[in-house]
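Please look through the sequence and the three-dimensional structure below before reading on. The paragraphs after it are meant for someone meeting this structure for the first time.

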Amino acid sequence: MPMVNQIEIHPYRTQKDMITYCESKNIQVVAWGPLSRGKVFSNPVMIDLSNKYNKDIGQIILRWHIQNNIIPIPKSSKTERIKSNFDLFDFALTNEDMEQINNLNKGEGISTCPEGTIYFE
C-alpha cells in the first residue's frame, strides 16, 4: 500500500472522491499543480477572499490545501513568490470560505496527456 499519492488538485479540480479513498487507506495526498497554473487567480470568489484576508490568491489556495490536510507542492522561480508561499500560518479560512472554494470545482485539469496515452484499461 502506498504511503503517498501525488495527484492534480486545485480549486477547479478538487478530487474529493480520490481524497476520501486515500484517507480511508491512510495515504497522504500531495497536490500536484496546487495553484492551477494561475487559472483560478481571476475568479471573483478568489479575489474576494484575497481581499478579505489581505493575502494573495496563491496564499489563499495553499491555505485551503493545508486545511484540507493536503500537502501542496507549489512551483515558482521568483524569490518573492517562494517566500509568499511559506507565509500561510498566520491565518485560517473559515468553514464557509473553505466551502466557497470547494464549490469552484469543475473537474477541470491543467495537465495534458499525449494523444493515445492509456493509463487504465
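This is a predicted model: local features need pLDDT of at least 70, side-chain atom pairs count only at pLDDT 80 or more; totals for chains, interfaces and linings use all residues.

In soluble globular proteins, nonpolar side chains tend to be buried together. Here the largest nonpolar core has 25 residues, and those that touch the most other members are Ile-9, Met-46, Ile-60 and Leu-93. At least two residues of this core come from each of helix H1 (16-24), strand S2 (28-32), helix H2 (44-53), H3 and H5, and the largest share, five residues, is supplied by H3. Leu-93 shows how such a residue is surrounded: when its neighbours within four places in sequence are left aside, Leu-93 is in contact with Tyr-53, Ile-60, Arg-63, Trp-64, Gln-67, Met-98 and Ile-101.

Several of these names return where two helices meet. Helix H3, residues 57-67, packs against helix H5, residues 95-102, with the axes 11 Å apart and at an angle of about 105°; the two helices are therefore roughly perpendicular to each other. On the H3 side the contact is made by Ile-60, Trp-64 and Gln-67, which meet Met-98, Ile-101 and Asn-102 in H5.

Turning to the aromatic rings, the structure holds one aromatic pair. A pair of aromatic rings is described by the distance of the centres and the angle of the planes. For Tyr-53 and Phe-91 the ring centres are 5.6 Å apart and the planes stand at 45°, so the pair is tilted. The pair links distant parts of the chain, since Tyr-53 lies in helix H2 while Phe-91 lies in the loop between helix H4 (79-86) and H5, 38 residues apart. Both partners are below the cut-off of 20% relative accessible area: Tyr-53 is buried at 16%, and Phe-91 is buried at 11%.

Most residues other than glycine have a negative phi. Gln-15, although not a glycine, has a positive phi of about 55°, and this residue is found in the loop between strand S1 (4-8) and H1. Asn-54, which is not a glycine either, also has a positive phi of about 55° and sits in the loop between H2 and H3.

Notes
Residues are numbered from 1 along each chain as its sequence is written. Side-chain values use heavy atoms; hydrogens and water are left out. Axes are lines fitted to C-alpha atoms, for helices over the stretch in contact, and angles run from 0 to 180 degrees between N-to-C directions. Helices (H or I, at least four residues) and strands (E, at least two) are DSSP runs, numbered from the N terminus. Angles under 35 degrees count as roughly parallel, over 145 as roughly antiparallel, 65 to 115 as roughly perpendicular and the rest as oblique. Contact means heavy atoms within 4.5 Å. A nonpolar core is a set of buried Ala, Val, Leu, Ile, Met, Phe, Trp, Tyr and Cys residues joined through side-chain atoms within 4.5 Å. Buried means under 20% relative accessible area, exposed over 50%, partly exposed in between (1.4 Å probe, protein chains only). Rings of Phe, Tyr and Trp (its six-membered ring) pair if their centres lie within 6.5 Å; planes under 30 degrees apart count as stacked, over 60 as edge-to-face and the rest as tilted.
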